[in-house]
Amino acid sequence: MTGLRERKKQQTRQTIVEEAGRLFAAHGFQATTMEEIAAASDVSVGTLYNYFGTKNTVLLAHLESEVADMMEAGAAVLAAPPAAAVTAVQSLAGVYLDQLLHLDRHLLREVFAAGFGPSSDVLPELIRLDELLADQLDSLLTHFFVSGELRRDVEVEEAATLLFSLLATQLIRYVSVDGMKPATLRRAVARQIEIAFAGLTRERDTP
């Protein structure tokens, strides 16, 4: 019986997260109310607050679900990476972008705004989710470091941080500029990964 109750709770939570994501995409985060989320999820407002104390925590749960999908898609790249390190990293960045670009641009903008705003419950969670993705990138780079494709003096963790920061910076640019097309974002990320790899794989000039 305990297992059944727990499964029902998890299903209710998942329904709330999914319905909240749909409402956020359709109406925007700010315009969506907790009452609307509760109604769409077929739960009472009190029940909704039992699961999620604030609308910010609903948003974070929605993002966590998206990151889980990104990690799953990324795991497929790690399981059978392309032969070249630069192509493998571009592939991993591509699956991350596939997931991110189906989200509403204005919702992503509000996520960034919440993360850098005064709400203390958002930024630590965003950092945690970013670190999950950066760790997956680290694992991919480690594979190529071990195989000898990366320079021996490369610090893999630092390289992963650099490449992930590159992706994040371009995503912020995309979110901030309404006229920027997804294809432009993809090209910018792919090209900058190539530029970064010129330093990660090139042997140092001998003095």
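How are α8 and α9 oriented to each other, roughly parallel or roughly antiparallel? The views below take us there. This is a predicted model, in which local features need pLDDT of at least 70, side-chain atom pairs count only at pLDDT 80 or more, and totals for chains, interfaces and linings use all residues. Residues are numbered from 1 along each chain as its sequence is written, and side-chain values use heavy atoms, with hydrogens and water left out.

View 1. Helix α8 covers residues 156-176 (helices are DSSP runs of H or I with at least four residues, numbered from the N terminus). Its 21 residues reach 30 Å from first C-alpha to last, close to the 30 Å expected at 1.5 Å a residue (the expected span is 1.5 Å times one less than the number of residues). Among its buried residues are Val156, Ala160, Phe164 and Val175 (buried means under 20% relative accessible area, exposed over 50%, partly exposed in between, with a 1.4 Å probe and protein chains only).

**View 2. α8 against α9.** These helices pack at an angle of about 155 degrees, with axes 10 Å apart (axes are lines fitted to C-alpha atoms, for helices over the stretch in contact, and angles run from 0 to 180 degrees between N-to-C directions). That makes α8 and α9 roughly antiparallel to each other (the term applies to angles over 145 degrees). Residues of α8 including Leu163, Leu167 and Tyr174 meet residues of α9 including Leu185, Ile193 and Phe197 (contact means heavy atoms within 4.5 Å).

**View 3. Gln170 up close.** Gln170 has its place in helix α8 and counts as buried, at 6% relative accessibility. Leaving aside neighbours within four places in sequence, Gln170 is in contact with Met180, Leu185, Ala188, Val189 and Gln192.

**View 4. Helix α5, one of the covers of α8.** What covers the buried residues of α8 includes α5 (85-100). Helix α5 has 16 residues and reaches 23 Å from its first C-alpha to its last, close to the 22 Å expected. Its buried residues include Ala85, Leu92, Tyr96 and Leu100, and what covers the buried residues of α5 includes α4 (55-79), α6, α7, α8 and α9.

Terms used
Helices (H or I, at least four residues) and strands (E, at least two) are DSSP runs, numbered from the N terminus. Angles under 35 degrees count as roughly parallel, over 145 as roughly antiparallel, 65 to 115 as roughly perpendicular and the rest as oblique.
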